[in-house]
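Trainee: Could we go through this structure together? I would like to begin with the core and then turn to the aromatic rings.

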Amino acid sequence: MIRASLPALLLLTTQLSVPGADWQPVPVHRITPEKPGYGGLCGIVVDHATGDVFVDVSDLGFYRSADQGETWKHVPALPLKGRTETPGCWTINPTGENKTMVTALVYGAPITVGTESASGFKHFDKRSEHIDWCAVDWTDPAMGFVLALKHEQAGLLIASNDGGQSFRDVGKGFISGWVFDGKTAVVAREGPEPTLQRTTDAGHTFVSCGGFMPAGNASARALPRWKDGSLYWLTRQGLIVTDDKGLSWNKLSDVPKGRKRPAERLC
């Protein structure tokens, strides 16, 4: 598990399974000599295909390391100023089709789509500023269907059906979610009866889903993780997975006290 909000340093290792002593701290001053804004090192994402590590340094922009944190270079094609606070604020296309990044800042620019090159770099509507996390339709190059959670607004979920040109309110009480395609997504809601919900009409209506998970036991505060055609989600009942876009779920294992903040997800 990686928390995206790190006040001063990053911990990296070049091995898959090592004792704690083999983890090496990477202070912000090794990434850039410039003084960061509030939050310091506030975002991290890893390209699992190459091992490259990208970090967001508050108010200074994005930096990339291709050698496990030994050296860092500024990414000028991502000229965003501000800060992230959750891994869901910053995602590399998990399908592996391309290196498109989607970035949503808690403070700073609206949701932004681009690559390490400047071509095709664009911002979504200003309504998508001040965001905890966003989920897009990675199957569509235009990213027509987007869900995003507004920061500090009682779990207000907003949606776009025109590639981020405009957004509408879905409702409050949401905590995490994922978009599968242009019409299908799953979200988690909290309240008197927390549950997982699914839409098949691009976020206009939602119905409870989860099969074995009765309402009241479905709290899923961690953001889900997509891997090789399956979506994995840490819930109060344990680690669950779906292979049919959220229509049904299987429990993989128990995870004691498996409730995490929206600022955390499976890595």
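This is a predicted model: local features need pLDDT of at least 70, side-chain atom pairs count only at pLDDT 80 or more; totals for chains, interfaces and linings use all residues.

Trainee: How many residues has the largest nonpolar core?

Mentor: The largest nonpolar core has 26 residues. Such a core is a set of buried Ala, Val, Leu, Ile, Met, Phe, Trp, Tyr and Cys residues joined through side-chain atoms within 4.5 Å; buried means under 20% relative accessible area, with a 1.4 Å probe and protein chains only. Those with the most contacts inside it include Trp-233 and Trp-249.

Trainee: Are those two buried or exposed?

Mentor: Trp-233 counts as buried at 0% relative accessibility, and Trp-249 is buried at 5%.

Trainee: Now the rings. How many aromatic pairs are there?

Mentor: The whole structure has 7 aromatic pairs. Rings of Phe, Tyr and Trp (its six-membered ring) pair if their centres lie within 6.5 Å; planes under 30 degrees apart count as stacked, over 60 as edge-to-face and the rest as tilted. The centres of Phe-62 and Trp-90 are 4.2 Å apart and their planes are at 20°, so this pair is stacked.

Trainee: Are Phe-62 and Trp-90 buried or exposed?

Mentor: Both Phe-62 and Trp-90 are buried. Trp-233 and Trp-249 form a tilted pair, 5.7 Å centre to centre with 50° between the planes.

Notes
Residues are numbered from 1 along each chain as its sequence is written. Side-chain values use heavy atoms; hydrogens and water are left out. Buried means under 20% relative accessible area, exposed over 50%, partly exposed in between (1.4 Å probe, protein chains only).
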